[in-house]
Each structure stands twice: as C-alpha cells, then as structure tokens.
Amino acid sequence: MEEQQQKELWLAGFWRRVGAFILDLLVLAGAGLVLGFALGDVFADMGNWAKLIGFVIFLAYFGLANSHTGNGQTFGKKVLKIQVVDKHNATIPVSRAVGRASVIAVPYFLNGLQVPNLPDAMGNVLSVIVFGGLLSIFYLAAFNRRTRQSLHDIVSGTYVVNVGTQPVTLQAVWKPHFAVVGALLVASLFAPALIMNMVPSSAIGSLDQLSATQQRVNQFTAIRYSGVTDGSTTVSSVSNGTNTTHYIRVEAYPYNKQDVQNQTLAERIALMVFDSVDAAVERDVILVQLIHGYDIGIASSWVSHQFSFSPTQLSQIRNNIQSRD
C-alpha cells in the first residue's frame, strides 16, 4: 500500500499531463500566429512544406524545454509542477528529448498532409504512422497505469513526474498493452483497403471518376492541389419538410490569393467536373470552393470563396463556349 502511494506521489497524473500539454499547445499557437502575421504569404507559397516550420518549432520547444536545458519543464509543466525525467529522476539530454518529441510530432504533422497522386503503398505507410501512431499514444496515455508512460515515454525511457518527489521502483509495462498497440498498428495498415472493400461495387466507378477528375484539376496551372467529393446534405424544417441536396464539391487551393475570387477559374473547374463525372448531370449543384492560406501545424489561416453551379447553368456555359468557337 505504501509503495502504491509512493508511486502515485512520484508519477504525474493523466489530467495534469493533459492540462500541461494544452497550455503548451496554446503557447505554440500564439507563436505560430505571430509568425503567420509576419510571414503568412511566405508560408502560403510554401504549400505543404510550411508544416516543416511548425515541425521544427515543435521539436525545438519540447526538445529544449523537456531536457537539461529547461529542467525537464515546458511552460505547461512549470505551471502544473511536473517534469520529464529518466528512471533515476534526472533530466535528460537535448537529443533524447528531441527524439521523445519526434514520436508525437511525426504523426501529428503528417496528419492532413495533402500529397497528390500518392501511391497506395505509401498511403498505407502514412496510415500506420499517423493513425496507428496517434491511437497508440492516446491508448497508452489513458490505460498504462503501471508506469503512466505513453508511446513517446516508452521509446525514450522517460517518465513525467511531480516536481520534488522521489523515484520508486516500478513494475514493467503490462505486456497486453503492447499487444493492443501492435493491433492498432496492423489495423491502421489495412484500414484503407478494408474501407474500400466496404464501398458498394456500384460506387467504385464513381470513385474512380472522382479520383481522375481530381488529378485533372491538379493539372490546372493556377491550382496547387485539390479534392473532389460526392455527397449530400439534408435540411429539415416545419414549413418545408425535409429537403436533400445532392452535390459534387471541389476544394481547390490556388497558388495566388487573388484567385480565391476568380469566377472564371471556378467555372473552368466546374465544367471539368461536369464533363468528367457521369453522375454530375444528376446532382443538384456543383460546388467549387477556392481556398488560399497556410497551415504550419501549430497555426493556420485560410480565406475562401464558394461558387455554386447547377447542371443547367453549366450546360448553358458549355453551349456559349461552343457557339463562340
């Protein structure tokens, strides 16, 4: 009983760690917003590479603060009086702290990364890193009660402890936890294929057309990358009953901020969809959302404008073009 009490005294609790991490994210977000105010256009021109800025800042912040240099304490940890140490209750070198932070940073910053025409094999690898990695971190943080180590702690051999307490001898991590982590990684590897197998065969052709259309939109010289989806929205009201709108939506990211309001560009993209996707003529509307901005992982800023075209409008636009030709 006394040993359990000593462990509880030494190891920081789950919610204290969560609170410290939230405070640290707020610090990083503030720094990111300041940088974005000064260098937003530069970040926007960098596209996906802008996330490297946030990645480096994340590693520098946690790598320095959680090491000897910062006494194992980020701002959030200082506020909540916890710190990162090794099994001897000593702070760790910068290199080890950077490695520890990388286990979180790599899946976090890869999440949501836009990579056009990504090969299936590489997509599966990213799925393991992003979803398998993040799920493993969350699982261990919540359920590894013996050592209260999450994945990044286990990899780096560190503990998050209450400041000023003495270390105790801990039991090894419960082995079934590793089995669960392995299962999460395997599941994330096969998840993309399993999801595709659940798609009705009748929809596969449509998905292929949407993918091909996305690639054609990406070939526009004004567009950095895009996404094409087929969906619907349902709105219910007392007066009008239930109305469902079926649409095809294109989210396109132009290189230039001025193109967010470019009606002609939006029309060209909508016509591309209308001519490439068989189901487009049956949809109520084709939506083209032009978006410009940046995402550095720790902060983001976007401006956008959405254009809406009915199949009838697009048919008329097509006829007008053909008559001019």
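Helices (H or I, at least four residues) and strands (E, at least two) were taken as DSSP runs and numbered from the N terminus. The model is predicted: local features need pLDDT of at least 70 and side-chain atom pairs count only at pLDDT 80 or more, while totals for chains, interfaces and linings use all residues. Residues are numbered from 1 along each chain as its sequence is written, and side-chain values use heavy atoms, with hydrogens and water left out.

The second largest pocket holds about 710 Å³ of space. A pocket is an open set of points on a 1 Å grid over the protein atoms alone, where a 1.4 Å probe fits, with protein on both sides within 12 Å along at least five of seven lines; lining residues have an atom within 4 Å of a point. The volume is the space filled by probe spheres set on the points, which are joined across faces, edges and corners. The lining comprises 33 residues, and Arg17, Val18, Phe21, Ala141 and His152 lie nearest the pocket centre. Two or more lining residues come from each of helix 2 (14-46), helix 3 (51-65), helix 5 (94-110) and helix 6 (120-143). Helix 2 gives the most, with 7 residues. By class, the lining has 20 nonpolar, 6 polar and 7 charged residues; Ala, Val, Leu, Ile, Met, Phe, Trp, Tyr, Cys and Pro count as nonpolar, Asp, Glu, Lys and Arg as charged, and the others, Gly among them, as polar.

Rings of Phe, Tyr and Trp (its six-membered ring) were paired if their centres lie within 6.5 Å, with planes under 30 degrees apart counted as stacked, over 60 as edge-to-face and the rest as tilted. This rule gives 13 aromatic pairs. One of them, Tyr61 with Phe62, is edge-to-face, at 5.0 Å centre to centre and 85 degrees between the planes. Tyr61 is buried at 17% relative accessible area, and Phe62 is buried at 5% (buried, under 20%; exposed, over 50%; partly exposed, in between; 1.4 Å probe, protein chains only). Ring pairs join both residues to Phe21, Phe55, Phe58, Tyr108 and Phe109 in a cluster.
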